[in-house]
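Here is a briefing on one structure. Look at the sequence and the model first, then read the notes below.

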Amino acid sequence: MQGGLGQNSNLPSGSIDKTRVLDVKPLRTLDPVFPNSARATTFDGACPTGFYSFFPFGASQGPQASPPKVPMPAPLRSFRSSDTGEATPAEFPVASNGENTDSHDRAAPNKSRSSKKKPKISQDLQIDVSSLLGIGKNEREDGNRELVNLLLMTFDALRRRIGQLEDSKELTLGLSKRADMRAGNILMSAGIRTNLRKRIGAVPGVEIGDIFFFRLELCIVGLHSQSMGGIDYTNMGGKNESDPLALAIVSSGKYNDNAEDSDILIYSGQGGDKGDDQKLERGNLALDRSLRQKTDVRVIRGMKDQMNSTSKVYIYDGLYKIQDSWVEKGKSGGGVFKYKLVRVPGQPRAFAAWKSIEKWKGGIASRTGLILADLSSGAEKIPVSLVNDFDDEKAPGYFTYLHSLRYSKSFIVSHPYDFCNCQKDCIPGDLNCSCIRRNEGDFPYTGNGILVSRKKLVYECGLSCQCSPNCKNRVSQTGLKYRMEVFKTKDRGWGLRSLDPIRAGTFICEYAGEVIDRARVRWNGNNDEYVFDTTRIYQPFKWNYEPKLLEEASSNDSSEDYDIPSPVIISAKNVGNVARFMNHSCSPNVFWQPVLYEENNQPVVHISFFALRHIPPLTELTYDYGAARSDSTVGHIAPRWKKKCLCASSKCRGSFG
DNA sequence: GTGGCTTCATAGTA
DNA sequence: CTACTATGAAGCCA
């Protein structure tokens, strides 16, 4: 595989300078990231991400099989130093269509940025671009569950990648660190969105209880199309042509919206923050008309994110009706409209369930079906509750709780072990850090500990590294961060879920247990249901923002394929942690990622689980167990258990094991 | 079509 | 931990 700019020549003719979309500035004019020696041994000649046109997930399933006529927006880090020499801005791909004439911006990076607004993508490009994702005009107007999930994952992958590049100072656009806005802008202006058609009531593909971490996510799936405004409304559909109607509101605590009853919301109108009276116009008028016409209003409730106190979680709480409105005197003296919204009965619990969880966690309310407050008996820093509110079974089979790996022999990997000498924390973009170099120059996690991309192997700092224990490159070593709960499922035995909302890309837990070898598996009789085995056949899936050409995407070599130095087999039959309770699903919400770090002078591969997408509280956590190999190349393991799959997903393969 | 205006955002800093 | 502020983008509206 060739790396770097060499691939530029493979681009379809007529490609535009995609850097313009993101205004990426070439900063990495450094020497090649890898010392040649390290590269030869560690990476088997695989090169870091080179120059690709945009090719997001799912496109290979799209109807069109021909290569893109027009490349997608902005491959991130479309610029990277080549192997052979130092790259200069002169090597930057040059716009080849007539649209982009202001290339002087790049040639003179010091020029003031404030003078020009960011150029928008042309309309033609928007259509071509979204067709790559399989988003036709119809899907842009009306969504479905699969599309909503795809868009949310696309947004988040892009946002994480932009954030990663910002963290490492490879991307400097303006002064703000708003990866969410930039990711949103790229997708929205390319038409990569859905439910654009305004509607009253439910939005296809979005379910009550769905959670979001950015307002732009609400825009992209069409749940609430204002990026900042609290009231989304339309002028269409009222009895009177000129009557606006409210569509959705976001309640996020700027005003005091709370009511005692979680099915009731007291919402304040907009405007009037300087002390003058609010006016019956815009959103306020729309809410008033919705009150009179008794139409449904979607309600999104924002709350502080417990994990990340500076950010918010938004939960879609379904439909409400406006029952009453009045004017109150606001804090700054002016009149403020108040609207009383009451939840339409018969909908699944969402916000109300969060409120219950808060009470359980605070010990205010007792939990029905609680068997054990802490299944881990203190082995985890955070208690793991054991609950059965389904039947009479009192406990899962006996095992010893262990929070990490137990191994009797070392599992040597094929490259020499090294530790980093960073003084305090390892700094993204610091290529003097040997741990960062091993991660292909990318810091694997964002500042708040979210995995940016799936990798064949993630290298974390180890015990011997000089950096502090708080170094951001130790995400999977710091134990559970969420309130986990082992619970009895309807039909799949015991399962695992979280009491906290989990953001896509966050570390959940590792697969703890005894590291064993193939012989031991056979000795156990091949019927150990608690074996994790990296050599099984796993369904490939896209999670990264990784622009690729079509031919590359269809090839077998993906950076998201697993490729671990040596097989890892872990049995959690006798000892293990919460991970042993995670059930299989053919469309899971969790994936595993091998993570290597040194302990006791041995590099050890751990199996870490990360959230594949945002996961609401009390949602069962599942991953894809993969399939046993039927050939004999990995030893005779044929007569093992196999189970009927009950995951109920539309992509269900019928069985697993 | 366009530019102004409003807005229950965010992240970073004090 | 809260307050403050700089930057920001979607969509309504004139």
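Which strands each supply at least two residues of the surface near DNA strand B? They are β3 (245-251) and β4 (264-268). This is a predicted model: local features need pLDDT of at least 70, side-chain atom pairs count only at pLDDT 80 or more, and totals for chains, interfaces and linings use all residues. Residues are numbered from 1 along each chain as its sequence is written, while chains are lettered from A and ligands numbered from 1 in the order in which they are written.

**DNA strand B**
- Around DNA strand B there are 23 residues, where near means a C-beta atom, placed from the backbone, within 6 Å.
- Met228, Gly230, Ser252, Lys254 and Gly271 come nearest.
- The surface near DNA strand B has five nonpolar, 11 polar and seven charged residues. Ala, Val, Leu, Ile, Met, Phe, Trp, Tyr, Cys and Pro count as nonpolar, Asp, Glu, Lys and Arg as charged, and the others, Gly among them, as polar.

**Open sheet**
- The strand order is β12-β21-β22-β15, with mixed pairing.
- β12 (458-459) and β15 (507-510) are the edge strands, each pairing on one side only.
- β21 (residues 590-599) and β22 (residues 602-611) run antiparallel, joined by 10 bridges.
- Val590 has Ala611 of β22 as its bridge partner.
- Strands (E, at least two residues) and helices (H or I, at least four) are DSSP runs, numbered from the N terminus; two strands pair if DSSP finds at least two bridges between them.

**Domains of chain A**
- Domain 1 spans 4-189 and domain 2 spans 211-347, with bounds from an automatic or database domain assignment.
- Their contact takes 10 residues from domain 1 and seven residues from domain 2, counting C-beta atoms, placed from the backbone, within 7 Å.
- On the domain 1 side, α7 gives the most, with five residues.

Key. Two residues are in contact if their C-beta atoms, placed from the backbone, lie within 7 Å.
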